[in-house]
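Dear colleague,

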Amino acid sequence: MKAILMSIKSQHNRNIEAGKKTSELRKRVPKCEYPIKVYTYESGYDGRHKVVNEWICKDVTEWRICMGVPAHLPKVACVSTAEIHRYSGKNYDDISEMKISNLKLYDEPRELSEFRTPETRSYEVKRVNGYLIFGDVYRGGNVITRPPQSWCYVEEIED
């Protein structure tokens with residue numbers, strides 16, 4: 001299963017943990033097969049600044065805000081209609097609704113250093129003794145040192 005690390009402000013994360021917020025709204029979401037695992041980094045001035053929970057996003061629905069805000073969206077995302085309009089911008093960009101399920105709260109929050117970017121595969125050409133050698137090169141993932149602005153792909157953590 002693909003996994004991402006997502007930054008969420010503390011007030012929104014508290015609503016997720018309380019079960020009030022059942023959807024997360026984003027302008028940009030992962031382009032991959034669902035379901036995906038989402039690790040939540042709690043940000044904000046009063047946030048814990050650690051990875052505090054994980055959940056599964058089984059499905060994403062894209063909404064055309066220029067056509068109006070769907071009636072259910074403010075309730076499931078714990079934001080006002082005006083906040084959704086502000087977030088979508090002056091051009092009323094589309095908003096994606098990531099549905100939250102299988103929430104798992106951590107007893108002990110995790111450090112960012114426990115997470116790595118996924119291993120990447122690239123194609124490399126080398127010249128050895130006058131011959132061109134073609135081959136795949138695998139590079140290990142890097143340790144995450146800073147929280148993402150929105151989200152980033154990470155390797156799934158084994159429990």
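**Sheet and cores**

Strand S4 (residues 51-63) and strand S5 (residues 95-110) run antiparallel and are joined by nine bridges, and Trp 63 stands opposite Ile 95 in S5. Here helices (H or I, at least four residues) and strands (E, at least two) are DSSP runs numbered from the N terminus, and two strands pair if DSSP finds at least two bridges between them.

This is a predicted model, in which local features need pLDDT of at least 70 and side-chain atom pairs count only at pLDDT 80 or more, while totals for chains, interfaces and linings use all residues. Residues are numbered from 1 along each chain as its sequence is written, and side-chain values use heavy atoms, with hydrogens and water left out.

The open sheet has six strands in the order S2-S5-S4-S3-S1-S8, with mixed pairing; its edge strands, S2 (23-26) and S8 (151-154), each pair on one side only.

The largest nonpolar core has twelve residues, including Ile 4, Val 29, Trp 55, Met 98 and Trp 151; such a core is a set of buried Ala, Val, Leu, Ile, Met, Phe, Trp, Tyr and Cys residues joined through side-chain atoms within 4.5 Å, where buried means under 20% relative accessible area (1.4 Å probe, protein chains only). S1, S3, S4 and S5 each supply at least two residues of this core, and S1 gives the most, with three. Apart from it lies another core of eleven residues, among them Tyr 39, Val 51, Phe 115 and Ile 157.

With best regards

Terms used: Buried means under 20% relative accessible area, exposed over 50%, partly exposed in between (1.4 Å probe, protein chains only).
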